[in-house]
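Let's take a look at how charged and aromatic side chains pair up in this one. Have the sequence and the model open side by side as you read.

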Amino acid sequence: MAPSDESDTAPPGFRLRDVHMEVGGSPHYVAAQAAAEGDTALLVGTVGPDPAGHWVRGALARWKPPATSLHVFDTGTCSARLVMEPSIGGDDVDITADPADGSIDVLAGRTAVSDGADYVHLSCFPGTDRLREALVNTGIPLIADFGFLPWRRDIEALAQAVRPRLAGVSVAVFNGLGAEEETVPVARDAVAAGVRVAVVTFGRGGAMVCDEHTTRRRPAPDVRVVNPVGAGDTLTTAFVHAWHHGASPGQALEYGQAAAARHVSRRPAEAGAGTRTRSVG
């Protein structure tokens, strides 16, 4: 979304243009991979009534993967949950989360839409606490993503953020890229606090999984990386699918890495997230 060419005295306007990525970020990649694995997925989000909100709603409706339901709720104000702005390069468009006005709290009262689910995937970023607490009250196990970028750059902040957010979490996911030695103990502490399994991704450095019994580390598959966006979400979803159906954590990690390898080796317009992982390895 780029500012329109209107004068400074005119009402704010925006020119919407094509974005060469799936709108919806992490939830979309998770839903796409879950559907590809044969699981029923539900994609839930918020938009506002402004032009950007209508565009996002339409894009999600067009791009939702098969076997995925879509529930989008209006914030009643503006699209504060999705802020789209030109990058420094001037051509690309970045989509960043900005729940500063609390608009994501709209979802806290809508958790009943997830009744009957095996898991709920939630980005445990600042501004999501009321939603997380409402989901915990449903009793549905959480897949909690703690990959918020500022926390990755400040491990003490990450540890302090994770400790009070582990209630109801079955799978905790961390991005340890650039801070491996510091992130792994946080993941192990999460397991010690009751999380069933923790996954840490290291980009080209592979990934690690730990539960109360073992810690397993695997190198990343050797593939040409074309599109890294969504790799961790794809890995996580395929991992949970395999683990839920009886694979050991180590086997499930291998399964997840195979899905992620397929994803990163394809361009966004091709089959990436949403490619079924037919075999481990």
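A salt bridge here is a side-chain nitrogen of Lys or Arg within 4 Å of a carboxyl oxygen of Asp or Glu. Keep in mind that this is a predicted model.

**Salt bridges**

With that rule, a search of the whole structure turns up four salt bridges.

| Pair | Closest N and O atoms |
|---|---|
| D129 and R165 | 3.0 Å |
| D129 and R132 | 3.4 Å |
| E254 and R218 | 4.0 Å |

Start with D129 and R165, whose closest N and O atoms are 3.0 Å apart. This pair links distant parts of the chain: D129 belongs to helix 3, while R165 sits in the loop between helix 5 (155–162) and strand 9 (169–175), 36 residues apart. R165 is buried at a relative accessible area of 12%, whereas D129 is partly exposed at 27%.

D129 also bridges to R132, with 3.4 Å between the closest N and O atoms. These two stay within helix 3 (residues 129–138), three residues apart, which puts about one helical turn between them. R132 counts as buried, with 7% relative accessibility.

Next up is E254 with R218, at 4.0 Å. E254 lies in helix 8 (residues 249–264) and R218 in strand 12 (residues 215–218), so their bridge ties together parts 36 residues apart in sequence. E254 is partly exposed at 23% relative accessibility, and R218 is partly exposed too, with a relative accessible area of 25%. Going back to D129, shared partners join D129, R132 and R165 into one network.

**Aromatic pairs**

How many aromatic pairs are there? The count comes to four. One of them is F148 with W151, an edge-to-face pair with 5.2 Å centre to centre and 75° between the planes. F148 is partly exposed at 23% relative accessibility, but W151 is buried at 9%. F239 and W243 have ring centres 6.3 Å apart and planes at 15°, so this pair counts as stacked; the cut-off for stacked is under 30 degrees.

Where do F239 and W243 lie? Both are in helix 7 (residues 231–244), four residues apart, about one turn of the helix. F239 is buried, with a relative accessible area of 0%, and W243 counts as buried at 11%.

Methods: Residues are numbered from 1 along each chain as its sequence is written. This is a predicted model: local features need pLDDT of at least 70, side-chain atom pairs count only at pLDDT 80 or more; totals for chains, interfaces and linings use all residues. Side-chain values use heavy atoms; hydrogens and water are left out. Buried means under 20% relative accessible area, exposed over 50%, partly exposed in between (1.4 Å probe, protein chains only). Rings of Phe, Tyr and Trp (its six-membered ring) pair if their centres lie within 6.5 Å; planes under 30 degrees apart count as stacked, over 60 as edge-to-face and the rest as tilted.
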